[in-house]
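Hello,

Please find the sequence and the structure below. My notes on the chain follow.

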Amino acid sequence: MSWLAERVAHFLEVVLGYLFLVIAVATIVLVILRYFFSTTIVGGQEFVVFCFIYTTAIGAAVLLAKGEHIAVHVFLDLLKPRPRRWLRRANYLLVALLNGALIVLSIPWIQSVGHFPSPVLRIPQGLVLLSLPIGCGLVVFYALWMAIADPRPSVEAGEGAS
C-alpha cells in the first residue's frame, strides 16, 4: 500500500507541476495581450480558473499524503507518544469521513447543474465540478492510508521508539 500511495502522490505532483506551469504561462500571455495589445484570448481567463480549481482539489490530497496539511499541535504535543499516534489516526479517519460525505453530497449537485455550459468556453460545468469528488476521493484514499499505516511518526517528538 505504501508503494502505491507514494507512486500516486508522485504522479499527482507531476500533474500539479504541469498545471501550475500552464496557469503561469497562460496568465502571463493574457496579461501581455491585454496591456500591450488591447486584446485577449477568448476563454483564457476561464480556462486558468478551471485549472486552478483542479490544482486546489488535487493539491489538498498531495499535501495530506506528504503530511503537510494544516494542523494545530498545541494539545497534541502535550500527549504521550502512543495516545498522540491514536489521536492522529482518529483525525485522519475524521478527514476521510468528511471528504466521503462531500463526495456523496456532490453527486446530486453535479447531476443537477453539471449540464449547464460554462459562460465563455461553453464546456459542461460538470467537467469542472468533478474536481470536488476527484479531490475528495484522493483525500479519502490518503487519509485512510495515513490512518492505517501511520507512515510518518514524529521522531522529534519521541514516537520513533514506541
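How many helices and how many strands does the secondary structure of the protein chain come to? The count is 5 helices and 0 strands. Please keep in mind that this is a predicted model. In sequence order the pattern is α-α-α-α-α.

Some totals for the chain come next. The protein chain has 162 residues, and 33% of them count as buried. Among contacts with a separation of 6 or more, 72% are between residues 24 or more positions apart.

S38 sits in the loop that joins α1 (2-37) and α2 (44-65). Is S38 buried or exposed? Its relative accessible area is 70%, and since exposed means over 50%, S38 is exposed.

R122: phi is again positive here, near 65°, in a residue other than glycine. R122 belongs to the loop between α3 (81-113) and α4 (125-129). R122 has a relative accessibility of 54% and therefore counts as exposed, the cut-off being over 50%.

Regards

Definitions and conventions. Residues numbered from 1 in each chain as written. Predicted model: local features only at pLDDT ≥ 70, side-chain atom pairs only at ≥ 80, totals over all residues. Heavy atoms only, no water. Helix = DSSP H or I, 4+ residues; strand = E, 2+ residues; numbered from the N terminus. Buried < 20%, exposed > 50% of the residue type's maximum accessible area, 1.4 Å probe, protein only. Contact = heavy atoms within 4.5 Å.
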